[in-house]
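Could you walk me through this fold?

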Amino acid sequence: MNLESLYQEVILDHYKNPLNKALHENPTVQVHHVNTSCGDEVTLNIHLKDDLVTDISWDGVGCSISIASTSVMSDLLIGKHAEEAIEILNSFVEIMQSKGAKPGDEEILGDGVAFSGVSRFPARIKCALLGWMAFKDALSQGLTR
């Protein structure tokens, strides 16, 4: 099995069995984002204690890439302090903007490296970034409260 096939399996697994996909009550912040290019949507709840992300839950509809990417994001960022979460988010954005040139660091991104191939398809980049940008928005709002 080659690396590309393995990555496709990771994405498919997160799509079929998304992590943290059930909105938890009483979030610090709730945001709703829509990918106007295709209609994918995500509602994201985050719970913060000081600058620690104690919980991320979400619900949404969309393609396999947006669902799987939001699943990976939520799994990676729960338990992280805001500064570390932003560093991870920036690493993911960097591979999405690389047009396939950067594979990403598995130590930082875990299953997120599976999306490196998506960056070769400009129309799909917004799908992969939907949940991540919702998190960035929610975190920004939560830290200013």
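Here is a tour of the sheet, then the helices, then the pocket.

This is a predicted model, where local features need pLDDT of at least 70 and side-chain atom pairs count only at pLDDT 80 or more, while totals for chains, interfaces and linings use all residues. Residues are numbered from 1 along each chain as its sequence is written, and side-chain values use heavy atoms, with hydrogens and water left out.

**The sheet**

Start with the open sheet: three strands in the order β1-β2-β3, paired antiparallel. Helices (H or I, at least four residues) and strands (E, at least two) are DSSP runs, numbered from the N terminus, and two strands pair if DSSP finds at least two bridges between them. The edges are β1 and β3, each pairing on one side only. On average, neighbouring strands are turned by 20° against each other, ignoring direction.

| Strand pair | Bridges | Direction |
|---|---|---|
| β1 and β2 | six bridges | antiparallel |
| β2 and β3 | nine bridges | antiparallel |

To get your bearings, find V34, which stands opposite E41 in β2. Further on, H47 has D55 in β3 as its bridge partner. β2 and β3 make a hairpin with two residues between them, and D50 in the turn has a positive phi of about 60°.

**Helices on the sheet**

Now look at α2, which packs on the sheet and touches β2 and β3; contact here means heavy atoms within 4.5 Å. The direction of α2 makes about 170° with that of β3. Axes are lines fitted to C-alpha atoms, for helices over the stretch in contact, and angles run from 0 to 180 degrees between N-to-C directions. α5 lies across β1, β2 and β3, at about 40° to β2.

The two helices also meet: the axes of α2 and α5 (residues 122-143) come within 8 Å and cross at roughly 35°. On the α2 side, the contact includes I65, M73 and L77, and on the α5 side it includes C127, W132 and F135. By class, that contact has nine nonpolar, four polar and one charged residues. Ala, Val, Leu, Ile, Met, Phe, Trp, Tyr, Cys and Pro count as nonpolar, Asp, Glu, Lys and Arg as charged, and the others, Gly among them, as polar.

**The pocket**

The largest pocket has a volume of about 220 Å³. A pocket is an open set of points on a 1 Å grid over the protein atoms alone, where a 1.4 Å probe fits, with protein on both sides within 12 Å along at least five of seven lines; lining residues have an atom within 4 Å of a point. The volume is the space filled by probe spheres set on the points, which are joined across faces, edges and corners. Of its 13 lining residues, the closest to the centre are E4, Q8, I11, I65 and V118. α1 gives the most to the lining, with five residues.
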